[in-house]
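This report covers the packing and surface of one protein chain. The sequence and the model come first, and the notes follow.

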Amino acid sequence: MTSTKDLISMPGVEDSLALIGSLVDDADAGIKQYQSPILDNIHYALRILGGGGKHLRAHLVHIAAAGADGPARDAAVVFGAAVEMLHSAFLVHDDIIDGDDLRRGHGTIHALARKCFMERYSVTDPGAAEHMGAGIGIVSGDLALSWVYELLATAEIDPQVKAKAIAVVAQTSAVTIYGEMLDIEHAAYAHTDLDRIRLSNHLKTSDYSFVAPLRLGCIASGRDPEPFIEIANELGRAYQAADDLLGTLGDSATTGKKESDLERGRTTLLTSRMNESPKSMTAADEVGAEARAHLDRARELTTAATIHELSRDGLLSIADLIEEMVDRFA
């Protein structure tokens, strides 16, 4: 998420990030015995990846659990850490799928591994280095996924609360993977229906980025998740539309990537429209209008919902953040 605005600071987010740091510290100590430059580099890269961004998903957990204290707050801290680690795992795999060598202006894990093999291990065949780098990237994403479940399994929280959270994380992981598969499938078609793109966007982004974090915050605090679900879906759809605008119209300094979605041949709400019409700004305005319609609905639902006042303020701040992204391009 690229924006000049800040999210409302939610108590507990920094504790979630600190928990991730502690986990990686422990993992660092555990791998010293292996004396491997590649392992050291991967841990460092995962730490940088997890420390970047606005930590939207951890914020959403704590937004849903706003005002919670004691064991409920402790659970929210763990769940915030888990969804951030889950996001990191998906980013590592996504960068391999998309062939991206940059993420937020830094080298992606598979690109760093490829470079390490060539410079530290003197691998001279570029194809071999590429293959080995991709392999390290895949298992690095798997490692991050294992850390998600380690965070949850070792947490000193109520066992029933823990079990519910693990089920949500497992479910949203499967939904996200199916969405990514559908996204890859788009490239096999000469034309992809916009509703099909919306479906893959919802599955691969909205569920784990918005729905699952809010559900986890409700599980931690013992609240009914129902008031949050439709809000999460609307925010998720708006966010993906905004991200599609950024992916094509944003420059490298903004996106942190070398090529735009259009240059890479990706099928998005924007590129699909642009392929049908040469007027890119007309296409951008259509995507922008779609995003704003979802934001309007999200704000309407948030204002009317019977939820904690801090939860309401937090959700509205996220809507504002997404709208700023849209306003830059449409």
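How many of the nine residues of H3 are buried? Nine of the nine are buried, so H3 is largely enclosed by the rest of the structure. The model is a predicted one, and the values below were computed from it.

Helix H3 covers residues 56-64. Its buried residues are Leu56, Arg57, Ala58, His59, Leu60, Val61, His62, Ile63 and Ala64. These buried residues pack against H1, H4, H8, H9 and helix H13, which spans 309-327.

His55 sits in the loop between H2 and H3. It has a positive phi of about 60 degrees although it is not a glycine. Most residues other than glycine have a negative phi. Ser122, in the loop between H5 and H6, also is not a glycine and has a positive phi of about 60 degrees. Are these two residues buried or exposed? His55 has a relative accessibility of 12%, and because buried means under 20%, His55 counts as buried. Ser122 has a relative accessibility of 54%, and because exposed means over 50%, Ser122 counts as exposed.

**Nonpolar cores**

The largest nonpolar core has 47 residues, and those with the most contacts inside it are Phe79, Leu152 and Leu216. The elements that give two or more residues to this core are helix H1 (13-31), helix H2 (37-51), helix H4 (71-98), helix H5 (109-119), helix H6 (126-153), H7 and helix H8 (194-221). H4 supplies the largest share of this core, with 13 residues.

Which residues does Phe79 touch, once its neighbours within four places in sequence are left aside? Phe79 is in contact with Val61, Leu152, Ile157, Val161, Ala165, Leu216, Ile219 and Ala220. One of these partners, Val61, is among the buried residues of H3. Leu152 and Leu216 are also partners of Phe79.

There is a second, separate core of 43 residues, and it includes Ile197, Cys218, Tyr239 and Leu246.

**Aromatic pairs**

The count of aromatic pairs comes to three. Two of them are set out here.

| Pair | Centre to centre | Angle between planes | Class |
|---|---|---|---|
| Phe90 and Tyr208 | 4.9 Å | 80 degrees | edge-to-face |
| Phe210 and Tyr239 | 5.6 Å | 55 degrees | tilted |

The pair of Phe90 and Tyr208 counts as edge-to-face because its planes are at 80 degrees, and the cut-off for that class is over 60. This pair links distant parts of the chain: Phe90 is in helix H4 and Tyr208 in helix H8, 118 residues apart. Phe90 and Tyr208 are both buried.

Phe210 and Tyr239 form the tilted pair. Phe210 lies in helix H8 and Tyr239 in helix H9 (residues 226-249), so this pair ties together parts that are 29 residues apart in sequence. Phe210 is buried, and Tyr239 is buried too. Tyr239 is also one of the residues of the second core.

**A nonpolar patch on the surface**

Ile177, Tyr178 and Met181 make a nonpolar surface patch of about 330 Å². Tyr178 lies in helix H7, which runs over residues 159-185. With a relative accessible area of 53%, Tyr178 is exposed. An α-helix has 3.6 residues a turn, so residues three or four places apart point the same way.

Technical notes. Residues are numbered from 1 along each chain as its sequence is written. This is a predicted model: local features need pLDDT of at least 70, side-chain atom pairs count only at pLDDT 80 or more; totals for chains, interfaces and linings use all residues. Side-chain values use heavy atoms; hydrogens and water are left out. Patches are made of residues with over 30% relative accessible area and no salt bridge: like charges are joined within 9 Å, nonpolar side chains (Val, Leu, Ile, Met, Phe, Trp, Tyr) within 5 Å. Accessible areas come from the Shrake-Rupley method with a 1.4 Å probe; for residues, only the protein chains shown count as cover. A salt bridge is a side-chain nitrogen of Lys or Arg within 4 Å of a carboxyl oxygen of Asp or Glu. Helices (H or I, at least four residues) and strands (E, at least two) are DSSP runs, numbered from the N terminus. Buried means under 20% relative accessible area, exposed over 50%, partly exposed in between (1.4 Å probe, protein chains only). A nonpolar core is a set of buried Ala, Val, Leu, Ile, Met, Phe, Trp, Tyr and Cys residues joined through side-chain atoms within 4.5 Å. Contact means heavy atoms within 4.5 Å. Rings of Phe, Tyr and Trp (its six-membered ring) pair if their centres lie within 6.5 Å; planes under 30 degrees apart count as stacked, over 60 as edge-to-face and the rest as tilted.
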